[in-house]
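Here is a friendly walk through the charged pairs and the sheet of one model. Please keep the 3D view open as you read.

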Amino acid sequence: MRTSSDAPGITSFTDEQLVRVARLFASDDSLAAHLDDLPADGNRRRASLAGTPHLEMWAITWPPGSTSGWHDHGAASGAFVVVRGSLLEEVHLSSGEKTTRVVTADEHRWLAPGLIHRTSAFGDSPALTVHAYAPSLAGARIYESAELRTDA
């Protein structure tokens, strides 16, 4: 009997492959329709584009002011591509410091396993992103900002 670990096909992905897969899905012009139906509550909305035990693909709409909150992706590596708009990404470093960067349309980011970060819509326009994670997000965690403090 075959198990998922010996199934044919790709079962692991490099960072570059995750970006390429995210860009492939992001090139679908029909994704823009997600921006026509932004949540009335102002929160972001995730839509599954594909999923296997080895790869998860998501489209996320970001109304102005929406945020992911602080989180990690467990053991999964990830990549996201901004299709429209811009995101502000804040990364919590092990030293307790935080870095920030703005990721604009057609730009991408790689996400290492265990990276603690928060992404938020940046500017007055909604954003649309495509995310790829390998393997699944089963071990992802959410953090309260108090949990991010260090006693250095």
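How many salt bridges does the structure hold? The structure holds 3 salt bridges, a salt bridge being a side-chain nitrogen of Lys or Arg within 4 Å of a carboxyl oxygen of Asp or Glu. A word on the source: this is a predicted model, in which local features need pLDDT of at least 70 and side-chain atom pairs count only at pLDDT 80 or more, while totals for chains, interfaces and linings use all residues. Residues are numbered from 1 along each chain as its sequence is written, and side-chain values use heavy atoms, with hydrogens and water left out.

| Salt bridge | Closest N and O atoms |
|---|---|
| Asp72 with Arg141 | 2.5 Å |
| Arg109 with Glu89 | 2.4 Å |
| Glu90 with Arg118 | 2.8 Å |

Let us take the pairs in turn. Asp72 forms a salt bridge with Arg141. Asp72 lies in strand β3 (residues 71-72) and Arg141 in strand β10 (residues 141-142), so this pair ties together parts that are 69 residues apart in sequence. Strands here are DSSP runs of E with at least two residues, and helices are runs of H or I with at least four, numbered from the N terminus. Asp72 is buried, with a relative accessible area of 1%, whereas Arg141 is partly exposed at 44%. Buried means under 20% relative accessible area, exposed over 50%, and partly exposed in between (1.4 Å probe, protein chains only).

Arg109 sits in strand β7 (residues 108-111) and Glu89 in strand β5 (residues 86-92), so the two link parts 20 residues apart in sequence. Both Arg109 and Glu89 are buried.

Glu90 forms a salt bridge with Arg118. Glu90 lies in β5 and Arg118 in strand β8 (residues 116-121), so parts 28 residues apart in sequence are tied together. Glu90 is buried at 14% relative accessibility, and Arg118 is partly exposed at 24%.

Now to the sheet. An open sheet of 5 strands runs in the order β1-β2-β9-β4-β7, with antiparallel pairing; two strands pair if DSSP finds at least two bridges between them. β1 (45-51) and β7 stand at the edges with a single partner strand each, so one side of each is left without a neighbour in the sheet. Strand β4 (residues 77-84) pairs with β7 over 4 bridges.
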